[in-house]
Each structure stands twice: as structure tokens, then as C-alpha cells.
Amino acid sequence: MIDSELARVTTPLLGLSAGANLAIAIGLFVVLIGGWALATYNSLVRRRQNCRESWADIDAELRRRHDLIPNLVGAVKGYAAHESGVLSEVTSLREAAVAGESGPQGERSRTESKLGAGIGRLLARAEAYPDLKASANFIQLQNELAETETRIERARRFYNANTRSYRNGCEVFPSSLVAGTGGFRSAEFDFFTLDDPGEAAPVPVDFEASPPASGS
């Protein structure tokens, strides 16, 4: 029965001229290519949107970090006012980071990595001040900062994964053909990276250890 049905469908096609069969084949090819191009275009749109949404997550956590820094600087200044050098450094780095909030991802990641390293130096200096380490306000700030740094790292990994996927879609053949004609550019999103391997180390925010022998 299957053979008879197949013969019934194919017999009219076999009866067509070579030109008609060629036109049908070309039409089917165009439909397939069009379907693939549409699916690829929609995939690139979704990947770009994923990049934007994951970058928004990083942006929110960075702004939270910026909001915590003035309080952190104020707390340290209350117990270690003569640490003016590192306090001024962190304040300046924070101002630069806030000023660059609307900049490209790559440039902003470099600024934020410097800020993270500055925070690490400030917290390291705080180790020398037992009274500061025992301050309830400072303990709360260091806990909030630790949580923020963890969220930044988590959001950074997610954003970089989405950026890699989007860039592959823009650069790998044959999807690059659709990307080129559809206005998708791999340079739209930069990876959020740490330039200095030393800056990749976790910020030392654990103040549960015993205070050093030296005092203020």
C-alpha cells in the first residue's frame, strides 16, 4: 500500500519537464535556506539579549559595590585616619568607576579590577587595627562586601559565557553570513576580565582570624 501511495505522488513529478523539476528543486532549496536563515537570525537575537541581561546583572552588583565603598572608607577612617594614602586611592578608584559606568564593558572591567585590588589593599591594612576589626559596623560592611564580590564573580562568569556564545554566532561560518547582513557585531560585547592575575585573587574580607600582634 505504501508503494502504491508513493507511486501516486511521484508519478506526476516524473511526468513534468526537466525545467519544472529544476524549478521545484530550487524552490525547495530557497525555502530551506530561508528557514535556516530565519532560525539563525532569531538565535542571534536571543544571544544578544542574553548578553544584555547578564551585563545588567553585573552592572547592578557593581553599583552595589560602589555604594558600599564610601561607608567602608568612613569606617576605616574612624579607626585609622592616618591610612590616608590607601583611603584616597580607593576613593579615587571608586570615583573613576562611577564615572565610567556608561563606558564599554572591556574598559569598565579594567577600571573595576583596579578598584577590586584597591579594596583588597584597604582591607589588608585593616588587619593591623583590632578595634576596627571588632567594630559591628565594619563587620557588617565586610559581610556585605564579601556577598557582593561573590555575586559579581557569579554574574561575570554568566556574562562571559553568553558573550562567548554570541561572538561564536557572529564569527563562525555559516552563521556569520546572517550576522553580517543582520547587523550583528561580535564587538558589541567585550569580555569582563581581570587583567592582572594578582587582581584575580579573592578580596581578603575574612576578619575572623586572630588580630596581628602589632597595634595601631
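**Exercise 1.** Which residues does Arg47 touch, not counting residues up to four places away in sequence?

*Solution.* Before we start, note that this model is predicted, with local features needing pLDDT of at least 70 and side-chain atom pairs counting only at pLDDT 80 or more, while totals for chains, interfaces and linings use all residues. Residues are numbered from 1 along each chain as its sequence is written, and side-chain values use heavy atoms, with hydrogens and water left out.

Step 1: list the contacts (heavy atoms within 4.5 Å). Arg47 touches Ser165, Tyr166, Asn168 and Gly169.

Step 2: compare sequence with space. Tyr166 lies 119 residues from Arg47 in sequence, yet their C-alpha atoms are 5.3 Å apart.

**Exercise 2.** Decide why Arg47 counts as partly exposed.

*Solution.* Buried means under 20% relative accessible area, exposed over 50%, and partly exposed in between, using a 1.4 Å probe and protein chains only. Arg47 counts as partly exposed because its relative accessibility is 26%.

**Exercise 3.** Describe the nonpolar cores, meaning sets of buried Ala, Val, Leu, Ile, Met, Phe, Trp, Tyr and Cys residues joined through side-chain atoms within 4.5 Å.

*Solution.* Step 1: take the largest core, with 22 residues, where Leu72, Val76, Ile119, Leu122 and Phe138 touch the most other members.

Step 1: assign elements. Helices H2 (18-79), H3 (84-99), H4 (105-126) and H6 (136-171) each give two or more residues to this core, and H2 gives the most, with six.

Step 2: look apart from this core for another, of 15 residues, including Ile152 and Phe189.

How values were computed
Helices (H or I, at least four residues) and strands (E, at least two) are DSSP runs, numbered from the N terminus.
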